[in-house]
Amino acid sequence: MCGITGIISKDKNKNKIIKDMNERIIHRGPDAEGIFVEKDVALGQRRLSIIDIEGGNQPIYNEDKSILIMYNGEVYNYKELKKELTEYTFQTNSDTEVILHGYEKWGHELPKKLRGMFAYAIYDKNKEEIFISRDQFGIKPLYYYQDGDTILFGSEIKSFLAYPKFKKELNKELLGAYLTFSFTPTDETFFKGVYRLPQGHSMIIDVKKRKITIERYFKVEFDKTNESFDEVVNDISTAMKDSTEHHLISDVEVGSFLSSGVDSSYLVSLAKPDKTYTIGFDLAKYSEIDYAKDLTDRLKIKNISEKISKEEYMKAIPEVYYHMDEPTADGCAIAVYFLSRLASKDVKVVLSGEGADEFFGGYNSYEDNFYTKLPLFIRKTMASICKVLPQNKITRYIIRRGLPLEESYVSINRTYYDDELKDVLKIDNYIKNKDIVKDVYKEYKNSNKLDKMLAVDIRYWFSNNILTIVDKMTMAHSIESRVPFTDIKVFDVARKLPKNYKVSDGTTKVALRNAAKKVIPNDAYKKKKLGFPVPIREWIREEDFYQEIKDTFTTDISKELFNTDYLLRILDEHKNKTKDNYRKIWAVYSFLKWYDEYFIKR
């Protein structure tokens, strides 16, 4: 696990600039630094040593030094691929060199061969071309920026701030989408001109022409198996055992995050790491420590836990949003920050359970209820009636589910609805939510309802929020997160499951739970999903947190972008317990704290 940076420009002092860019992301790789500068190209890398600790420093060159690589990630099938590359001489035992020689043999087809998490930059001097790929699901981040003859790319946006001519400007058009999705769903970012390379895509930079070409090499596809339920459960068991074994490949100790839920409990029961890590909070219903301890006691492994106070949580907010690069209204980001800090005292690598929900159907909204099973024309009629009634959670739900899926579903964790954006925002030139997801719905127009929802969530919620949080928060503490559920072989099993093997009769992840039941020694396999419970809802009502948010809502930038009267009203409604507005409050507050970090303080 590392971080990479790159510059293509005419600047004379690229050596200093690339070192400065590396310094901004030193947390991603404190063990070593790699620099390459030649003509118009400068490449940088910060290394966190996991595999081939002594020999894996970068850049790594091919035999005649005409091709070199800077790389962030882990490719778990590198030993298998190495057997296909017998015509090449290897100087190291690293997966990095396997990728490099893989490029020599397979060219732009290379990423299709890789199993793991990766964002690499391969510079082919003969072609004057830089070939960049990001893994299939977007576990590893990659951003890029072009201004005239200058191109920047890197693992984190903050590295671009070290480039003297970088134009830092807020992309206000994303505010509506952010408030709806609770994160930035687009390839555009909140920094105008900065884009993320989508998951499952490659980017080719023509150094001479300064031309960027983006190509997709992986598409999420669904199919349906004819296997019985028991056969499917066995397939999941086999795939998860194999994936976990591959994700344990390391030259350093591997620990694991652990909550009370089925996902992390399944991983820990398979991997049996020496150490697991859990955080909780003072409020009992938000703490999973006792559940985690029960599992580790049964497995005879160690659980290390810590309780986080409200004051610690509040204090960490600025640091968290600096490391995130962009705002997120997902309160678990700060929790993962503390969890990563705890684990970093002992290990360099941790397993984490992301991917199970998005692959195996972990959200209750994926299942139809009595109302959603009604014919659309009946739901449309009921929605029309509710539009003239006072708006609350029930009427909004009836209205939303009275629309076709393509017009109503944009994210698993929707915060603001379209009509509410007019109340909270002072600007109206924002990207419309339907315009963001329309291409996915067009591509999956012949798929069933569940597969459409999964396609939307894997493309946006999973890649741009969940995986981003885990990557940025672990890297903030210089540890590597590995996600065995988010594995191409595991997905190949999950994508074939019919709906009733995923959600049925109020139970989520039906088949996965049955596979987990075989190895989990307690009843965690049947626990309902909690997410990552954080007591923000309660904390906002306490005077110190309430006042902090109120002060933030009355800053100059808040008054410029948001309707302050509206914000103060929903804040008071929540404090007085007349309405539960915490998610709306937290979305705006998180954005303003992020803005403060990047546009006021830095």
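Begin by selecting Val 388, which lies in the loop between α11 (376-387) and α12 (393-400); helices are DSSP runs of H or I with at least four residues, numbered from the N terminus. The model is predicted, so local features need pLDDT of at least 70 and side-chain atom pairs count only at pLDDT 80 or more, while totals for chains, interfaces and linings use all residues. Residues are numbered from 1 along each chain as its sequence is written, and side-chain values use heavy atoms, without hydrogens and water.

Is Val 388 buried or exposed? Val 388 has a relative accessible area of 69% and is therefore exposed; exposed means over 50%, buried under 20%, and partly exposed in between, with a 1.4 Å probe and protein chains only.

Next, select helix α18 (residues 510-517), where six of the eight residues are buried. These are Val 510, Ala 511, Leu 512, Arg 513, Ala 515 and Ala 516. Show also α5 (229-247), α6 (262-271) and α10 (356-360), which are among the elements that cover them.

Now select Phe 591. Beyond its neighbours within four places in sequence, Phe 591 is in contact (heavy atoms within 4.5 Å) with residues including Leu 170, Tyr 178, Pro 327 and Phe 562.

Phe 591 and Phe 562 are also among the residues that touch the most other members of the largest nonpolar core, which has 182 residues. Such a core is a set of buried Ala, Val, Leu, Ile, Met, Phe, Trp, Tyr and Cys residues joined through side-chain atoms within 4.5 Å. Helix α16 (residues 449-475) supplies the largest share of this core, 14 residues. Finally, select Ile 8, Leu 68, Ile 132 and Ile 151, which belong to a second, separate core of 20 residues.

Conventions. Helix = DSSP H or I, 4+ residues; strand = E, 2+ residues; numbered from the N terminus.
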